Amino acid sequence: MRLTWWKITAIVLLAYAVIGGLLLPVPELTQLGETIRNLYYHVCMWFAMMILFTVSIIQSIKYLRTGSIEHDIKAVSYAGVGTYLGLLGYATGAIWASFTWADPNNPAFASFGSIMREPKLIGAAIALLIYGAYFILRSSITDMDQRARVSAVYNIFAYAMLFPSIWIIPRLLPSLHPGQEGNPALNFNDIDARMRMVFYPAVIGWTLLGAWIATLKIRHKILMEKKWFTNEK
Amino acid sequence: MKNKLIAFIVSLGIFAANAQAETTNDSMASLMRSNGKIYVVVAVVLTILFGLIAYLIQLDRKISKLEKEA
């Protein structure tokens, strides 16, 4: 068991994100109410996804430079956990939106149809589908080296597509989702100081948890590769 | 096994603290501006979180064991 310092940090920060996130005071906003606390969970999923995708593209570039299959295993594992966190971010966003944007008891809120046209939602869906295609592409190539090379190149393309689909296009179009005129949750003027105290540790905690799961996947895959090679001989 | 035990003890402790808070301290309810008992939610979420982390630790140990054998 390798319980290193960063795994302990992840556990401590996540415990703090839950306790502090649910109990510490938050600003009172009419439309959001207590749901503002979702910032510590829903938004963190997307931040962790971005960081894990960044690690994944770095590993893909390393693979293309060195040709070492270990980097390919790392790239696919980080991309897999990142996509999973993105799906969780999408699911939690759907729950959050259904109580803040689409409340049927309040006619001032938008209709379901306009939520379906949300540029941020569509952009995030495109980004996740592009990463979904990454896994389909991988599983369609049987040759190991070819699969690693083609999917490493595709991963760079997928990462490049992430920026227009989740950062640029949603900023150009009107949206109910916060953060159209800046960096949501990063802008020092629009995030309350009390929330920042929990939000930043929460981002680090969730990212470390994702990295922990990814390292388990990597170690498992490397073991499987070794087993496969010894069986071949 | 040890980790499971630790997670269990931690969650028990949280529940015990929660039970006390409910009987002696009513200000927690006003703190949340809702119908109170938020500590129940905290205990539940923490139990799930620590349960998942215990599972991860277990997986980690199993993989470490396999790595030593390989």
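At roughly what angle do the axes of helix 2 and helix 3 of chain A cross? In this predicted model, the axes of helix 2, residues 42–66, and helix 3, residues 69–100, cross at roughly 160°, and they come within 8 Å. Angles over 145 degrees count as roughly antiparallel, and helix 2 of chain A and helix 3 of chain A are therefore roughly antiparallel to each other. As for handedness, helix 2 of chain A passes helix 3 of chain A in a left-handed crossing. The contact of these two helices has 15 nonpolar, eleven polar and three charged residues.

I turn next to a single residue. Ile218(A) belongs to helix 7 of chain A. Ala75(A) lies 143 residues from Ile218(A) in sequence, yet their C-alpha atoms are 9.1 Å apart in space.

Finally, the contact between the chains. How many residues does each chain give? Chain A provides 18 residues and chain B provides 18 residues. On the side of chain A that touches chain B, the elements giving two or more residues are helix 1 (5–23) and helix 7 (193–232) of chain A. By class, that side of chain A has 13 nonpolar, one polar and four charged residues.

Thank you for your attention.

Note on methods:
Residues numbered from 1 in each chain as written. Chains lettered and ligands numbered in written order. Predicted model: local features only at pLDDT ≥ 70, side-chain atom pairs only at ≥ 80, totals over all residues. Axes fitted to C-alpha atoms, helices over the stretch in contact; angles between N-to-C directions. Helix = DSSP H or I, 4+ residues; strand = E, 2+ residues; numbered from the N terminus. Parallel < 35°, antiparallel > 145°, perpendicular 65-115°, else oblique. Left-handed = near helix turned anticlockwise from the far one by under 90°. Nonpolar A, V, L, I, M, F, W, Y, C, P; charged D, E, K, R; others polar. Contact = placed C-beta atoms within 7 Å.
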